[in-house]
Amino acid sequence: MTLTRFVTKNAFRNKRRSTLTILSIGFSLLLLTLMMTIWRGFYIDKGSAQSAQRVVVRHKVSLVFSLPSFYREKIRAIPGVVSVVNSQWFGGQYKDDKPENFFAQFGTDPTELLKVYPEFQIPADQVEAWQKDRAGAIVDSELAKKFNWKVGDRLNIKGVIFPVDLELTIRGIFTAPTPTQAIYFNKTYIDEAYPRVKGKDGVFAVLTATPQDVTRVAQTIDEDFRNAPEPTKTETERAFQLSFVAMLGNVKAFILSICGAVVFAILLVSANTMAMSIRERTREVALLKTLGFTQRSILGLFVGEAISLALMGGLLGSLIAFVLGNMAAHQGGFLATMRVEPSTVLVSLVVAAAMGFLSAALPSYHAARGNIVEGLRHIG
Amino acid sequence: MAIPLSYNVRNLRLRKGLTIMTALGIALTVATAVFIMALLAGLNRAFGTTGDPLNVLVLRKGSTSELAAGGVSRDAMQVFKDLPGIAKNNRGEPMASGEDILVIVLPRKDGTGEVNVTTRFLTPLGIEMRPKVHLVAGRWFTPGQREVVVSKSINQRFAKANIGDTMRIGNGEWNVVGIFDAEGTAHESEIWGDINQLATDFERTVYSSVLLRATDPVSAAALKNRANDDQRLELNGMLEPDYYASQTKSGAPIKFVGVIVAIIMAIGSSFAAMNTMYAAVAYRGREIATLRVIGFSRPSILTSFVIESLLMSILGALVGLVLMLPFNNMTTGTQNQVTFSEVVFRLQMTPPVVITAVLFAMVMGLFGGLAPAWHAAKQDILAALRG
């Protein structure tokens with residue numbers, strides 16, 4: 001019998017206890033993996049290649065104020081800028097105000113939108129049809145699937161921010177690398193129905209030639225409009241998205257404290273199990289020693305057992321997290337970025353192993369050092 | 001006959017280490033759940049206590065937020081002032097306040113970014129209509145001056161929000177001249193300034209909302225209906241408390257994440273509790289058999305072990321609650337899903353939160369204890385005695 005086999009045999013000596021421990025650690029690690037995935041999605045992922053090449057221009061004071069539409073041509077003239085498109089958040093209601101029926105609606109320019117967002121996949125004839133229809137819209141494929149929309153369907157959206165109700169026709173369905181949960185329609189529609197917003201736009205999305213241009217272009221834009229009546233704030237697409245996360249509150253502290261609680265809970269559960277099984281085996285340990293096992297190898301046996309239990313829990317948790325993450329990715333919105341990456345799983349497993357090690361270290365140290373004769377006398 | 005409770009208490013004490021570790025695990029879960037529930041309770045309190053049932057808020061038709069484009073015209077405001085059922089203040093003025101809302105960006109003091117802050121522009125009459133709001137430092141703004149008064153929470157949470165600081169709103173610098181306290185209502189997240197100065201600066205011709213004070217509840221309902229039914233004015237009237245209550249949906253993201261976190265942690269803790277209880281049953285095989293021999297029935301043994309598990313979970317709940325006590329009343333903020341600006345609120349460990357936390361822990365204890373207790377009760381006496 002090899003040592004590895006000895007460890008695994010021991011790990012499953014009390015099947016019920018091992019299963020419960022693995023399940024308990026597994027669920028804790030599931031949570032840890034999910035939290036790390038959220039963290040990664042918010043703060044570490046750089047987004048798509050195109051995203052790294054885009055900046056978003058908004059009013060310096062607040063997103064709530066709009067910018068004059070003529071800024072677009074001025075931005076276009078800046079060296080390094082490839083395309084500029086306007087985008088106006090409409091914030092209307094589809095069907096009712098239930099959160100599950102909520103999605104983003106942007107008023108934009110159909111002739112240039114897809115030049116700024118080349119990663120959107122859409123058949124050319126659909127683009128053409130959209131550009132010809134002022135009341136046309138293109139919708140995200142995940143959204144179309146969710147609401148069972150087809151090209152040619154009517155889409156009625158009640159205006160909340162603007163006193164305008166949209167009656168759109170779906171002219172195209174686009175597929176984005178990460179679901180956008182958005183529909184795009186012609187901004188002229190709002191202009192005509194509510195002339196007060198004519199000549200104003202919410203934000204401009206700018207595609208630059210290379211990722212290296214981003215910083216310079218952003219600085220030039222803000223510099224150019226510094227003394228204009230409507231100064232601008234230009235940031236990378238990523239930073240722009242992150243500013244919405246920041247509005248949710250202190251998300252970082254929230255995630256970190258949950259992670260801390262979870263890691264500590266794993267330690268407790270694992271330590272509990274190891275304390276129980278080591279105490280049961282006091283006599284065996286003494287026996288092993290009489291057979292000539294050194295203190296170090298006995299220590300190794302127990303620590304190995306704890307680590308393997310924790311790792312099995314880790315694998316279980318990662319597996320569930322992986323399945324959940326894939327399910328969530330199809331929901332779109334902020335969940336779309338919540339794919340569980342192998343590196344996140346790896347970190348979870350390392351944490352699991354570390355907790356297993358810590359939990360077993362102290363009780364097994366005591367067991368390994370215990371007196372042989374007393375150990376042999378030990379009852380139950 | 002029931003096994004005395006002291007039997008369980010002594011057993012838990014005998015196996016101190018195991019009990020404490022399992023209870024701590026439950027405590028962590030409870031603490032997390034309490035934290036999330038206290039956040040939601042604080043948010044609900046902020047919105048739930050805002051608004052007077054006699055106040056009617058009038059917005060543009062189709063709009064659900066004060067922050068929408070378009071609004072209530074000055075003419076419509078005049079119509080309302082003369083309606084029957086409008087209360088008058090002690091100077092005989094009709095209590096109707098035309099207001100405007102803007103959102104400005106302020107940097108957080110702790111350096112975690114810039115957020116939108118709701119800025120309300122109104123007249124001194126509008127201040128008078130909200131008796132819960134009172135000045136704690138400095139003075140109110142002077143009409144016709146670019147002056148603002150900030151809430152206590154804004155003052156504490158944001159840089160550049162002290163008396164003497166200036167804020168850029170539109171094209172002008174506005175001086176901060178005072179700090180008000182809003183008794184934990186939604187106005188706690190606002191900055192207030194003079195409406196007429198704003199109208200001049202921004203060339204605003206409409207109010208984003210009008211607040212009316214009715215003389216009695218019947219008149220309030222009548223005013224609300226009057227606003228809704230007038231085809232010419234195209235307005236949307238609602239009672240002020242209802243408007244703020246609708247904003248409690250801002251807690252939806254916290255709730256969504258919170259429920260998932262709490263459930264997953266609870267499942268994990270239940271398995272841990274089950275483990276501990278199985279161990280307790282296994283150690284006491286002979287003892288249980290002896291109890292049976294003395295004459296305690298199977299059901300009473302089952303109950304006894306379930307109670308022991310429940311006791312352990314209640315201990316966990318208490319520890320969890322104590323762990324969270326320092327966070328009670330802590331001020332925090334999240335995004336208001338209606339006005340897209342920050343709403344500041346305090347964590348509230350209300351009695352329902354505490355009771356729910358204890359019940360939550362007991363569910364974990366019950367789930368963890370039931371199977372082991374069943375196992376204990378089913379044990380064969382003879383085999384166990386020989387154990």
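How many bridges join strand 3 of chain A to strand 11 of chain A, and do the two run parallel or antiparallel? The legends below start from this pair. The model is predicted.

**View 1. Strand 3 and strand 11 of chain A are joined as an antiparallel pair.**
Strand 3 covers residues 81–89 of chain A, and strand 11 covers residues 203–208 of chain A. Six bridges join them. Ser83(A) stands opposite Leu207(A) of strand 11. In general, strands of a sheet pair through backbone hydrogen bonds, either parallel or antiparallel.

**View 2. An open sheet of 10 strands in chain A has mixed pairing.**
The strand order is 4-7-8-6-9-5-3-11-1-12. Strand 4 (93–94) and strand 12 (232–236) of chain A stand at the edges. Each has a single partner strand, so one side of each is left without a neighbour in the sheet.

**View 3. Chain A is divided into two domains, domain 1 and domain 2.**
Domain 1 of chain A is made of two segments, 3–46 and 250–377. Domain 2 of chain A takes in 66–229. Their C-alpha centres lie 48 Å apart.

**View 4. The C-alpha trace of chain B spans about 95 × 45 × 35 Å along its principal axes.**
Chain B has a radius of gyration of 29 Å, whereas a compact globule of 387 residues would have one near 21 Å. Its secondary structure comes to 13 helices and 14 strands. Of the 387 residues of chain B, 53% count as buried. Among contacts in chain B between residues at least 6 apart in sequence, 81% join residues at least 24 apart.

**View 5. Chain B touches chain A through 45 residues, in contact with 39 residues of chain A.**
Elements of chain B that give two or more residues to this side are helix 2 (16–48), strand 3 (96–107), strand 4 (114–122), helix 9 (252–283) and strand 13 (331–335). Helix 9 of chain B gives the most, with 14 residues. By class, the side of chain B that touches chain A has 23 nonpolar, 19 polar and three charged residues.

Notes:
Residues numbered from 1 in each chain as written. Chains lettered and ligands numbered in written order. Predicted model: local features only at pLDDT ≥ 70, side-chain atom pairs only at ≥ 80, totals over all residues. Pairing = 2+ DSSP bridges. Helix = DSSP H or I, 4+ residues; strand = E, 2+ residues; numbered from the N terminus. Domains from an automatic or database assignment. Rg over C-alpha atoms; globule rule 2.2 N^0.38 Å. Buried ≥ 20, exposed ≤ 12 C-beta atoms within 10 Å, placed from the backbone. Contact = placed C-beta atoms within 7 Å. Nonpolar A, V, L, I, M, F, W, Y, C, P; charged D, E, K, R; others polar.
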